[in-house]
Amino acid sequence: MVVATQTKPSTEQIIHAHQRDVWRFLVALGCEAAEADDLTQETFLAVLRGKFEYRGEQETAAWLRRSAKNLFISSIRKRRRASLAPNLDDADADWAQYQAAMPEDERIAWLRECVTELAERVQLALKQRYEDGLSREEMATRLGMEPSAVRSLLERARQRLRECVERKQRRDER
Amino acid sequence: MTNVERFWEASVAEAVSTRHPPDQSAEILARLNAPPEPAKRKRVVRWIRYPVELAAAAALIVAIGFATGLIQWPEETIEQSDPERTWAAGPGADLRETESGLQLESGYLLLKTGAPDVRRGDSLFTNLEGVAVVCAGDMPSDEEHSAIQTWLHERKVDEAMIAKATRWAAGAAMCVLMLQGTAQLDGQEVKAAEKTASAPVWHEVASVMDLDRLPRDAKYVRMSGMSAEYLPVVAGFERLEGISFQYGKNFSASHLDALTRLPELRNLDVRGGQWGGRPDYSALAKMKKLQVAGLDLYIPSGAEDEDREAVERLVAEQVVDFRQIAERGVKLNFSASSSASPYLQQLREAFPEIHEMWVFNADDDTCKQLSQFSQLRRLKLDWSKAGELGYVYISRLPALVDLELKLWEAMEESYVHHLSKIKSLRSLVLDCVQINQSHTYVRPGVISVLAGMTQLECLELSQHYWTQLAILDGRSKTPFSASGNLQSFTISVDESPMAFEQIPGGGPRHPFDLGFLVGAKEIRILSTGDRRFQGLARDDVPGGNPELAKRLEVIRTEIRDIRSSEEQWQANWAGALSRYPNLKRVELDRAAGGTGLVWHGGSLAAGVNEKLPNVEVVDVSAR
């Protein structure tokens with residue numbers, strides 16, 4: 001049993017170690033930031049007040065994600081709204097794989113570097129999309145482009161960012 | 001879209017936005033340590049985490065607070081019956097909830113009326129009627145206080161409330177910062193700062209004649225663009241506590257040295273001065289009571305062509321000088337030109353707590369640098385060349401309260417859209433003196449965005465040709481709402497050959513018609529020639545809203561000079577003012593630079609008072 005060799009961290013350490021991951025997972029599923037705040041708290045309360053037993057970091061993370069996903073589904077049902085994430089069944093497993101490929105903090109840091117390497121117009125488009133929450137149509141008006149061109153621009157931007165992050169990761173591994 | 005694609009998009013969104021996972025450790029721990037919650041109980045600190053609700057509530061508070069001097073907490077957002085929503089733990093706070101209240105070990109808490117008692121050692125904080133921060137141990141250092149302020153900002157606590165609370169009360173084992181109301185700490189009453197002292201009266205001096213008229217007991221004087229040769233003259237006014245001498249010409253060290261004769265000088269702003277080289281601020285060391293200074297970060301002209309290292313050394317030398325001034329307890333505000341952009345980081349690293357910056361000719365890159373000044377509360381961009389990206393950067397400033405823009409070009413709707421996202425913003429000035437008649441300075445779309453910025457308390461629109469001002473265009477309905485939170489609306493109007501009759505759509509005829517177009521409690525009309533006030537006001541201001549008129553309580557107006565007959569003025573004014581049912585006061589002032597050929601503001605006030613006994617009309621030009 002793995003658990004025999006693990007030193008059980010304190011409750012505070014568990015919360016501190018996993019809360020960001022839970023929050024990001026919820027946002028990736030489609031939560032608004034404020035809702036993710038709430039559900040993150042609810043997740044920890046549900047797990048830590050329940051029958052949780054510490055069995056290592058990875059299992060704790062998986063347990064928390066499962067709870068978070070269930071709370072999210074419950075929240076969707078309560079509000080009778082459509083799910084923003086169609087593949088919810090596999091979402092927690094996919095997230096684990098995604099995080100295994102690269103820790104999220106590292107990915108975000110590299111992404112920030114990579115964003116600065118993009119043309120200013122592309123940076124502006126990303127900002128309008130993800131910070132200002134503009135629709136493609138609104139962006140098209142602001143940027144003087146067709147909505148289809150905005151879509152292509154965003155896709156290309158995401159692809160370039162992916163390549164850039166992967167390049168940085170490879171360089172780092174060397 | 002696959003899950004991985006969705007996750008990647010979320011990562012990109014976090015990287016390019018200000019949305020980051022918050023540290024909720026303290027909240028989760030506090031809830032874990034609390035008794036189990038009933039099924040439908042609302043969650044801890046929920047009231048702090050809904051920026052839209054809270055922004056609306058905060059705006060309401062400020063409206064009341066500014067009227068009464070006491071900021072009221074938004075009761076409608078917090079249920080008194082739910083004690084869990086009456087406190088929130090700061091990051092890393094160590095506490096536990098007991099039957100008798102909260103036992104605080106370390107860190108700090110934000111509490112409001114109905115919060116449980118807080119204990120630490122022999123200290124007891126109780127009977128809170130208002131809002132307070134309780135901190136374990138001794139009074140926080142400046143850095144700790146600043147960190148707490150930042151946390152309060154992040155929690156969307158009202159900016160005005162935070163700014164007003166600066167004094168901690170110390171108990172045996174904890175200390176308290178009262179944001180509003182009263183409480184008891186170790187048996188002693190502690191209360192929030194009373195209504196702030198009345199704002200200092202700044203005497204505007206724009207000419208030698210103004211200087212001649214300056215009262216001997218003047219405490220604050222503001223001069224702009226004048227020769228520094230006048231500073232030794234100003235130094236003759238021994239009671240001066242504040243001097244704003246911006247854009248001063250031909251500065252030398254001896255000019256500043258003359259001000260060391262002023263024993264009470266606390267506030268000195270000499271930004272934008274022409275020095276003919278690196279400014280010499282050594283005289284400031286002799287100003288014993290100096291508390292606030294506005295200084296320039298000097299970058300030689302053509303610096304971009306010079307050796308970068310040499311300029312970095314020059315900046316480093318200036319930073320050392322600034323530090324020596326700051327170490328005496330003087331709070332420094334800075335100005336710089338866009339050529340300083342590459343070096344602003346040096347300044348920020350040396351003074352991370354900078355609250356106020358003033359930048360000339362800022363471009364997008366300058367704005368990008370400025371966006372890193374996380375403590376910035378006030379920002380003035382003179383002759384800004386920033387484009388939309390620049391405003392995107394500015395919109396990232398988390399604590400910005402006052403923003404003043406003097407522009408080369410017309411304000412675009414998209415620019416204002418970005419500014420509208422600064423929830424902490426309370427005051428916005430848009431000044432565009434270079435616009436001529438062929439430009440549309442403030443477009444209807446811009447006005448609509450401005451009208452929707454409910455976080456704003458003060459809005460100032462300054463320009464030369466107000467016939468282009470969309471809110472004065474009688475063809476469209478004013479976008480301002482009577483339920484807005486605007487406390488003060490200011491319009492600056494220079495002399496212009498345009499007559500009111502030329503306003504599109506048969507708009508207002510009289511400056512006082514503005515009360516029907518903007519929903520402010522106070523309207524300020526700056527620097528207007530008396531011809532503006534001669535026309536008759538309209539009862540049916542095109543595009544106006546009578547509901548807005550009900551909000552108006554105070555009018556402050558500056559006039560360069562009055563040459564018309566008193567009788568004509570008195571009749572016009574009484575008629576124009578009688579349309580405002582809640583108007584309480586009208587202040588009549590002489591504009592800086594007025595010729596003063598004929599000035600009979602006092603008799604005008606007396607005449608209008610006679611006709612409108614419920615409205616106090618005062619000539620404040622002599623104060």
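This is a predicted model: local features need pLDDT of at least 70, side-chain atom pairs count only at pLDDT 80 or more; totals for chains, interfaces and linings use all residues.
**Entry 1: a helix pair**

I started with Glu155(A) and Arg151(A), which are 4 residues apart in helix α8 of chain A, so about one helical turn separates them. Helices here are DSSP runs of H or I with at least four residues, strands are runs of E with at least two, and both are numbered from the N terminus. The two side chains meet in a salt bridge at 3.4 Å, N to O. My rule for a salt bridge: a side-chain nitrogen of Lys or Arg within 4 Å of a carboxyl oxygen of Asp or Glu. Next I checked exposure, where buried means under 20% relative accessible area, exposed over 50%, and partly exposed in between (1.4 Å probe, protein chains only). Glu155(A) is partly exposed at 41%, and Arg151(A) is partly exposed too, at 44%.

Residues are numbered from 1 along each chain as its sequence is written, chains are lettered from A and ligands numbered from 1 in the order in which they are written, and side-chain values use heavy atoms, with hydrogens and water left out.

**Entry 2: salt bridges in chain B**

I counted salt bridges over all chains and got 33. With Glu522(B), its closest N and O atoms are 2.9 Å apart. That pair links distant parts of the chain: Arg556(B) is in strand β23 (residues 554-559) and Glu522(B) in strand β22 (residues 522-528), 34 residues apart. Arg556(B) is partly exposed at 27%, whereas Glu522(B) is buried at 17%.

The other partner is Glu587(B), which meets Arg556(B) in a salt bridge of 2.8 Å, N to O. Glu587(B) lies in strand β24 (residues 585-590), 31 residues from Arg556(B) in the chain. Is Glu587(B) buried or exposed? I found it buried, at 9% relative accessibility.

I also found a network: salt bridges that share partners join Asp269(B), Arg271(B), Glu356(B), Arg378(B) and Asp402(B).

**Entry 3: around Asp269(B)**

I stayed with Asp269(B), which sits in strand β13 (residues 267-269) of chain B. Asp269(B) is buried, with a relative accessible area of 9%. What does Asp269(B) touch, leaving aside neighbours within four places in sequence? The contacts (heavy atoms within 4.5 Å) are Ile243(B), Ser244(B), Phe245(B), Gln246(B) and Gly294(B). With Gln246(B) there is a side-chain to side-chain polar contact at 2.9 Å. A polar contact is a pair of N or O atoms within 3.5 Å; within protein, one must be able to donate a hydrogen and the other to accept it, and residues adjacent in sequence count only if both atoms are side-chain atoms. I also looked up Val292(B): its C-alpha is 7.9 Å from that of Asp269(B), though the two are 23 residues apart along the chain.

**Entry 4: rings**

I found 18 aromatic pairs over all chains. Rings of Phe, Tyr and Trp (its six-membered ring) pair if their centres lie within 6.5 Å; planes under 30 degrees apart count as stacked, over 60 as edge-to-face and the rest as tilted. Phe25(A) and Trp95(A) have ring centres 5.7 Å apart and planes at 55°, so I logged the pair as tilted. Phe25(A) is in helix α1 (residues 11-29) and Trp95(A) in helix α4 (residues 88-101) of chain A, so the pair ties together parts 70 residues apart in sequence. Phe25(A) is buried at 0%, and Trp95(A) is buried at 1%.

Another tilted pair is Tyr98(A) and Phe7(B), with centres 5.6 Å apart and planes at 50°. Tyr98(A) lies in helix α4 of chain A and Phe7(B) in helix α1 (residues 3-16) of chain B, so this pair joins two chains. Both Tyr98(A) and Phe7(B) are buried. Arg107(A) lies over the face of Tyr98(A), 3.6 Å from the ring centre. The rule for a charge over a ring: NZ of Lys or CZ of Arg within 6 Å of the ring centre and within 35 degrees of the ring normal.

**Entry 5: where the chains meet**

How many residues does each chain bring to the contact? I got 51 from chain A and 48 from chain B. Between them the chains bury about 4700 Å², 58% of it on carbon and sulfur atoms. Buried area is the accessible area (1.4 Å probe) that two parts lose on being put together, summed over both. Across the interface I found 4 salt bridges. Lys421(B) makes a salt bridge with Asp132(A), with the closest N and O atoms 3.2 Å apart.
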